[in-house]
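Morning, everyone. I have one structure to walk through today. Please have a look at it on the screen.

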Amino acid sequence: MNNETIVLKLYKEGMVVYITKELPFEDIKNLVCEKFGKSENFFKGLPLKVGFKGIELSFEQLNDLIGAISNSIGCKAVLWENPEPEESFEKEESKKDLSGEEILDNAFKIAIEDEFTKFYTKTIRSGQLLESDGNIVVIGDVNPGAELVATGNIVIMGSVKGTVHAGAKGNREAIVAALNLSPTQLRIADVITRSPDEEDTLHGAAPEIAYIKNNHIFIEEILQKRK
Amino acid sequence: MSQVIVITSGKGGVGKTTTTANLGVGLAKLGKKVVLIDTDIGLRNLDVVLGLENRIVYDLVDVVTGVCKPKQAAIKDKRFDGLFLIPAAQTKDKDAVTVEQMQELCEKLKKEYDFIIIDCPAGIEQGFKNAIAGADKALIVTTPEVSAVRDADRIIGLLEANEIYDHYLIINRIRPDMVRRGDMMNVDDIMEILNINLIGIVPDDQDIIVSTNKGEPAVVNPKSMAGQGYRNITERLNGNNVPLMDLDSNTLLGKIKKIFSKKQ
């Protein structure tokens, strides 16, 4: 988050003090008082429930801290034992702690980690194995002898001649799409098809999509010709 | 009695994989039950030469690590009954297999098959050690080039160090015309250097390139000279005594020359 030793967070039930560094107790006490002192006016007149998290403190130390906080904010503070805040008091309140960069970072994290799509912008060559707990997008070709394994979908902006396995953990809804779909072997979940032994002359260079229907893998052109 | 035969050479590109494919097909055509094992992990080719690439689901690494049974990984050939292939893994490393695992696998396969033919990778590192681990017999492939013969000599030494004394030489890619002109080492020159038993010679043949690209081994082509060479070797492996190919008489030019030389 940030490099401060003491971080305050306000929850519905009360205030939690996060102590992020192991310091001598006196130093911690001073820092806590300083932190609360800054926002003296904010707390005025309210009985405040305060909990502590981050480091182990003895009961005496906790009471000592509560007393110090009461003095610095000019109102009564009570100890909140074993604080387990359920939700942020106000969402805007907690976001104030984040810089713009951090918010962007989080957004990216969600996009990448929650959607789980891996992007590759190179030709995948023989002997290379790409695995993903989600989708795979390749901008380039997949050569014979290369292998793609994804638990989700596989999309290739190029020609596929290697082996591809979508829905590797049993997802039969998974699809494989490519600009030129002629893999050595194509697997979706537990269904396997292989390329014909004879040269396939029917096969055009049109973008195609493969999916499971009635326990068989179907391959059709993505852009159906309109009559 | 089943045999475990390793096809090796030391040098790359002398025709180990082509030889393995052809001998496998040749033996299967003689009615034997044959399994070919590709031990060139990371650079597998035998499946391509046999035209079986699109059937691979499990590979050698899956077998030795117990992911599947040998029977599940053995791909049945599309043309010949009795011919099976255990392909190499393409996305793994040569260290994925150990010498002990190979020995164990060969012992298991001996119960099922008449011939277990192991395609060895080039070089003398882990892949080579794995390939020869379970073998009782070795066929060393060489070409009539000084470098290939030198490497074959090294390999024979290593095989003997690993107590494989039952080894035979295959001289591949002989060009009778060049030998006649004295531009290429002849069979006797090579035999003098290596001093081991010769099991066959295979003449250089353009058909091999065509058949390799098509995934159809030359041994089934009755017109192919190289195919004849491989057919002879399979007969010998099977215990039949077949005379060595007469390279000169099998070419058109040789036949014409013969006629003229008789008249003179």
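I'll take a helix pair, then one residue, then the contact between the chains. Keep in mind that this is a predicted model.

Helix pair first. In chain B, find helix α5, residues 99–110, and helix α6, residues 126–133. Their axes come within 8 Å. They cross at roughly 30 degrees. Angles under 35 degrees count as roughly parallel, so α5(B) is roughly parallel to α6(B). The crossing of the two helices is right-handed.

Which residues of α5(B) and α6(B) meet? From α5(B), we have Val99(B), Met102(B) and Gln103(B). From α6(B), they are Lys129(B), Asn130(B) and Ala133(B). By type, this contact has three nonpolar residues, two polar and one charged.

Look for it in helix α2 of chain B, which covers residues 46–49. Is Leu46(B) buried or exposed? Count its C-beta neighbours inside 10 Å: there are 25. The cut-off for buried is 20 or more, so Leu46(B) counts as buried.

What does Leu46(B) touch, leaving aside its neighbours within four places in sequence? Its contacts include Thr17(B), Thr20(B), Ala21(B) and Leu36(B). Asp38(B), Pro87(B) and Asp119(B) are also among them. Along the chain, Leu85(B) and Leu46(B) are 39 residues apart.

Last, the contact between chains A and B. Chain A gives 12 residues and chain B gives 10. On the chain A side, two are nonpolar, seven polar and three charged.

Thanks, that's my tour.

Key:
Residues are numbered from 1 along each chain as its sequence is written. Chains are lettered from A and ligands numbered from 1 in the order in which they are written. This is a predicted model: local features need pLDDT of at least 70, side-chain atom pairs count only at pLDDT 80 or more; totals for chains, interfaces and linings use all residues. Axes are lines fitted to C-alpha atoms, for helices over the stretch in contact, and angles run from 0 to 180 degrees between N-to-C directions. Helices (H or I, at least four residues) and strands (E, at least two) are DSSP runs, numbered from the N terminus. Angles under 35 degrees count as roughly parallel, over 145 as roughly antiparallel, 65 to 115 as roughly perpendicular and the rest as oblique. A crossing is left-handed if the near helix is turned anticlockwise from the far one by less than a right angle, and right-handed if clockwise. Two residues are in contact if their C-beta atoms, placed from the backbone, lie within 7 Å. Ala, Val, Leu, Ile, Met, Phe, Trp, Tyr, Cys and Pro count as nonpolar, Asp, Glu, Lys and Arg as charged, and the others, Gly among them, as polar. A residue is buried if 20 or more other C-beta atoms lie within 10 Å of its own, exposed if 12 or fewer, and partly exposed in between; C-beta atoms are placed from the backbone.
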